[in-house]
Amino acid sequence: MVMPATDILMSAQRKSRNVPPTKGIANIAKRERNKGAKQLDALMKELSVPLRTYTENFPKRRDLHPYERSLIELTFGEGYYEQVLGRVDALRKRITSVGKQHASVCAKSTTKREAEERLTEGRKKLEESFQHGKHAVDDLVNVAKALRSMPVVDLHIPSVITWLSLQELFGERSFCKIAK
């Protein structure tokens, strides 16, 4: 199930704030920069891991049965399904690069105050980049809802679709003979 973008962000913020610094660091400035870098890294991971999971677990269009492929095409339009998955993956890459950049900057700070400022700045930038691309996640939620409501046809079990396809193949008269 795909979580809405706001839920992903709130969960990531809550989990990243609870990350403590590495134990045994006596210097206050080093401890604070360690804490800042670890919290930014945790926020980045908590935001990007669900997005990676979604893009990996959604079926690729080329792996689908032709019937399912045509249903997706008719439901969403040509290329929309792949476009949404691509936008979610691009969001994940952007969050990863911004998070790594700001965690590195925070780890290089010299004072406690500078580390705290860089931590808040990094959090703000990560949240802004996620908010900027959250429409991709919302679109993915809508795609998932539509996919769940699509009909599933097992081609090994006779059904109306199979009978209709037989009618197209053999003509209406032979279909009436088969149905009797």
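View 1. The protein chain holds eight helices and zero strands, where helices (H or I, at least four residues) and strands (E, at least two) are DSSP runs numbered from the N terminus. This is a predicted model, in which local features need pLDDT of at least 70 and side-chain atom pairs count only at pLDDT 80 or more, while totals for chains, interfaces and linings use all residues. Residues are numbered from 1 along each chain as its sequence is written, and side-chain values use heavy atoms, with hydrogens and water left out. The accessible surface of the protein chain comes to about 11400 Å², of which 55% belongs to carbon and sulfur atoms; such areas come from the Shrake-Rupley method with a 1.4 Å probe, and for residues only the protein chains shown count as cover. Of the 180 residues, 34% count as buried, a word that means under 20% relative accessible area, with exposed meaning over 50% and partly exposed in between (1.4 Å probe, protein chains only).

**View 2. The largest nonpolar core.** A nonpolar core is a set of buried Ala, Val, Leu, Ile, Met, Phe, Trp, Tyr and Cys residues joined through side-chain atoms within 4.5 Å. The largest one has 36 residues, of which L47, L51, F58, I95, F130 and L140 touch the most other members. Two or more residues each are given to this core by α1 (5-17), α2 (28-57), α3 (66-76), α4 (80-107), α5 (112-132) and α6 (134-149), and the largest share, nine residues, comes from α4.

**View 3. The surroundings of L140.** Leaving aside residues up to four places away in sequence, L140 touches V2, Y54, F58, V84, L85 and V88, where contact means heavy atoms within 4.5 Å.

**View 4. The crossing of α1 and α2.** The axes of these two helices, α1 and α2, come within 8 Å and cross at roughly 145 degrees; axes are lines fitted to C-alpha atoms, for helices over the stretch in contact, and angles run from 0 to 180 degrees between N-to-C directions. On the α1 side I8, L9, A12, Q13, K15, S16 and R17 take part, and they meet Q39, A42, L43, E46, L47, P50 and Y54 in α2.

**View 5. Q13 in helix α1.** The place of Q13 is in helix α1, and Q13 counts as buried because its relative accessibility is 12%. Not counting residues up to four places away in sequence, Q13 touches L43 and E127.
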